[in-house]
Amino acid sequence: MQSSPVQVPSAEFCETPLTAAPAGAESAVKAAGIAQVIRTHRLEFAAALVILVVGVALRVLPYFGVPDRLTVDEFLYIKNVEMVKAVGPYNYPALIQNYVNLQSQMQQVMLPPTRFVYIVLGWAWDAIFHCGSRMALRGVAATFSVLSFLLSGLFAYRLGGKRFALVVGALMAVGPMELMLAHRELVDGVFAFWAQLSLWLLWENLQRPGNLGWLAAYAGSIAVMVLTKENAFFASVGLGGIVCVAAFVPGLNLGKAPWTAAAATVAGGVLGVLVLICLAGSPVTLIQTYELLVTKAEKMTFAYVSGGGPWFRYIADLLLVSPVVLLLAVGGIFGLRRENRQGIFLLLFVLFSYAVMINVKNGMNLRYATMWDMPLRYLAAGMILRMAGAVRRAPVVAAIALLAVVMGVELHQYRLLFVQNDIGDPIPQLLNYTLGIMRTAPM
């Protein structure tokens, strides 16, 4: 009897059950991955929303810190707005000439009307909302504090991605100096916004060399910064220092074709000065304005008592107001490597501007250092993320816990210094006394 032939399975049939995963299992893996991505995005969105609400509320709601007393500078800004209301913004040369005439006959220092942006925005705010000069200036200050907060998150995102944006945004939301300036009639928060915007636009120009749109925005930002306060010189030195390093130390990889950024930096500064000359009526009047401001300010008793100190004066002041952030930022600085070009970029801005600011005779004040808030918090954020990443099992939980502690300390410092004790000018004498370092009130 003839046996039937044996049917040998084909190679395709044999390999299928051995090497290919079932279609259902592959779909389940993909679905799990998509679900994880969705959960992550939802968590990030919720965190960003909470940070946004907290940061804006702390700046715009009067419950979180309304000053009871005006400082001398605030009183003078209000007077400047009143003078603009009296003569009109179109007669600005007469306003500056009047300042020169009065200041030359006085020993005390008056703030110059050359801080055009803040003063005219205060006048415009009052003209629109009819709230009075004081509340108008406070409204402008609060608005620019919110803008600085939002810009810091965008800047951090452009530098380091979503994680840095969330951490930097959270730290900026509760920054003591940021919140104090949001509730005061002072120009420093407005100036810090334009300095931060110029720094961000410089970064974008170094990454996109030759883009006319970015170059025009960068030059325009510097011009407005010059029109906001004479401290634009310090920020411009920081920006110029970065451009020089990018040109002569290409190994740091800060950006390409920095000569275009250098040209835009100079063009923006020149444009701002030309507008100031038009506002003053002549170059002579503008020079007289700044000469009077500098010479009179150096001789003030208050400036002599509170504006001097060693080269580490700003470090000491920052340690009093934001101790944990400063220590984390210092740790982040020592953790920088050549490939961390974003952190190096921000550090260079701080170092170059710091080198100039500590050499101003009787002219140091923590308010002037507000433009360093975002760079220092970016460096601190890097340290927080590095520490949280060391916790292998729960890095997200560790990051949230660390961030909560730092934010709690920042809010405590703000409430103690600027709400409970109503410090309007963060000079060392007041900070040390409020924190209990000095046991007797300053003279």
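This is a predicted model: local features need pLDDT of at least 70, side-chain atom pairs count only at pLDDT 80 or more; totals for chains, interfaces and linings use all residues.
1. Helix α13 covers residues 283-299, which is 17 residues. From its first C-alpha to its last it reaches 25 Å, close to the 24 Å expected at 1.5 Å a residue.

2. Which residues of α13 are buried? They are T285, L286, T289, L292, L293 and K296. Seen down the axis of α13, these buried residues fall within an arc of 130 degrees, so they line one face of the helix.

3. Helix α4 contains L95. L95 has a relative accessibility of 5%, so it counts as buried, the limit being under 20%. Apart from neighbours within four places in sequence, L95 is in contact with M83, V84, V87 and P113. V53 is 42 residues from L95 in sequence, and the two C-alpha atoms are 40 Å apart in space.

4. Side chains of opposite charge can pair when their charged atoms come close. In this model the count of salt bridges comes to 18. One of them joins R69 and D422, with the closest N and O atoms 3.9 Å apart. This pair links distant parts of the chain, 353 residues apart: R69 is in the loop between α2 (23-60) and α3 (72-87), and D422 is in the loop between α19 (395-420) and α20 (428-434). D422 counts as buried, at 7% relative accessibility.

5. Another salt bridge is formed by the side chains of K85 and D126, at 2.8 Å from N to O. K85 lies in helix α3 and D126 in helix α5 (residues 116-129), so the pair ties together parts 41 residues apart in sequence. Is K85 buried or partly exposed? With a relative accessible area of 37%, K85 is partly exposed, whereas D126, at 9%, counts as buried.

6. R158 and E204 also form a salt bridge, their closest N and O atoms being 2.8 Å apart. R158 belongs to helix α6 (residues 133-160) and E204 to helix α9 (residues 188-207), so this pair ties together parts 46 residues apart in sequence. R158 is partly exposed, with a relative accessible area of 35%, while E204 counts as buried at 1%.

7. Salt bridges that share partners also join D73, D188, K229, R367 and D425 into one network.

Key. Residues are numbered from 1 along each chain as its sequence is written. Side-chain values use heavy atoms; hydrogens and water are left out. Helices (H or I, at least four residues) and strands (E, at least two) are DSSP runs, numbered from the N terminus. The expected span of a helix is 1.5 Å times one less than its number of residues. Buried means under 20% relative accessible area, exposed over 50%, partly exposed in between (1.4 Å probe, protein chains only). The arc is that of the directions from the helix axis to the C-beta atoms. Contact means heavy atoms within 4.5 Å. A salt bridge is a side-chain nitrogen of Lys or Arg within 4 Å of a carboxyl oxygen of Asp or Glu.
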